[in-house]
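This report concerns the fold of a single protein chain. The sequence and the structure are shown first, and the description follows.

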Amino acid sequence: MPIPAGPAPRWRPPPRAAAAVAAGREVAGLRCTTGATPRVGVFLELIVHRRVVVVPAGVGTARDCSYPVRTRGPTGVLEVEAGARLRLGHAFALWGQALGPRRLASFRGRVRAYVGGRAWRGDPRAIPLRRHAVIVLQLGEHVPPHPRYAFPVGL
């Protein structure tokens with residue numbers, strides 16, 4: 001059974017790093033560049049109190065450029081530059097949302113992280129963004145994490 005999205009705006013946080021990202025300035029050591037670069041997909045699912053937190057479209061995109069990690073739709077798919085050595089903390093910095101062992105966007109409490117269905121024991125910001133990784137972050141009641149995701153062709 002699908003998990004519904006949360007009922008309030010805090011379950012749908014928009015990109016907030018607006019000033020720096022919109023201007024294409026450096027964020028978390030990442031530069032906004034133009035031109036097509038090969039990208040790989042990473043799936044990110046956020047669950048708080050048994051409700052999905054939507055990862056919005058437009059994270060890591062500016063008017064004329066994009067960052068090495070971005071979203072183009074509200075699907076949870078992160079598009080990551082092939083070969084880039086990025087961590088989940090980079091995506092959250094570009095999104096302008098908090099992430100840490102006890103913080104997930106505007107929510108506070110113990111954050112549990114899973115990669116490919118297995119528990120991640122460190123700081124969730126340190127999770128590597130590798131090709132076809134399936135990352136699930138949870139706060140509140142446990143929901144069995146997805147170990148796999150069907151990525152779109154080309155990612």
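The text below treats the overall architecture, then the individual strands and their pairing.

**Overall architecture**

The model is predicted. Its secondary structure consists of two helices and ten strands, and the order of elements from the N terminus is α-β-β-β-β-α-β-β-β-β-β-β. The C-alpha trace extends over about 40 × 30 × 30 Å along the principal axes. A compact globule of 155 residues would have a radius of gyration near 15 Å, and the protein, with 15 Å, therefore agrees with that expectation.

Of the 155 residues, 46% count as buried. Among contacts between residues at least 6 apart in sequence, 66% join residues at least 24 apart. The accessible surface amounts to about 8,200 Å², with 53% of it belonging to carbon and sulfur atoms. The protein carries 24 positive and 7 negative side chains, and the centres of these two sets lie 6 Å apart.

**Strand 1 and its partners**

Strands of a sheet pair through backbone hydrogen bonds, in either a parallel or an antiparallel sense. Strand 1 pairs with strand 4, with strand 10 and with strand 2.

| Pair | Sense | Bridges |
|---|---|---|
| Strand 1 (residues 39-48) and strand 4 | antiparallel | five bridges |
| Strand 1 and strand 10 (residues 134-139) | parallel | six bridges |
| Strand 1 and strand 2 (residues 51-53) | antiparallel | three bridges |
| Strand 3 (residues 69-70) and strand 4 | antiparallel | two bridges |

Phe43 has Val134 as its bridge partner in strand 10. Val48 stands opposite Arg51 in strand 2. Strand 1 and strand 2 form a hairpin with two residues between them, and His49 in the turn has a positive phi of about 50°.

Strand 4 (residues 77-81) is largely enclosed by the rest of the structure, because five of its five residues are buried. Both of its faces are covered: Val77, Glu79 and Glu81 lie on one side, Leu78 and Val80 on the other, and all are buried.

Strand 3 and strand 4 form a hairpin with six residues between them, and Gly76 in the turn has a positive phi of about 90°. Within this pairing, Arg70 has Glu79 as its bridge partner in strand 4.

Three strands form an open sheet in the order 5-6-7, with antiparallel pairing. Strand 5 (99-100) and strand 7 (107-108) stand at the edges with a single partner strand each, so one side of each is left without a neighbour in the sheet. Strand 6 (residues 103-104) is joined to strand 7 by two bridges, and Leu104 has Phe107 as its bridge partner in strand 7.

Definitions and conventions. Residues numbered from 1 in each chain as written. Predicted model: local features only at pLDDT ≥ 70, side-chain atom pairs only at ≥ 80, totals over all residues. Heavy atoms only, no water. Helix = DSSP H or I, 4+ residues; strand = E, 2+ residues; numbered from the N terminus. Rg over C-alpha atoms; globule rule 2.2 N^0.38 Å. Buried < 20%, exposed > 50% of the residue type's maximum accessible area, 1.4 Å probe, protein only. Contact = heavy atoms within 4.5 Å. Areas by Shrake-Rupley, 256 points an atom, 1.4 Å probe, with all protein chains shown as cover. Lys, Arg positive; Asp, Glu negative; His and termini not counted. Charge placed at Lys NZ, Arg CZ, Asp CG, Glu CD. Pairing = 2+ DSSP bridges.
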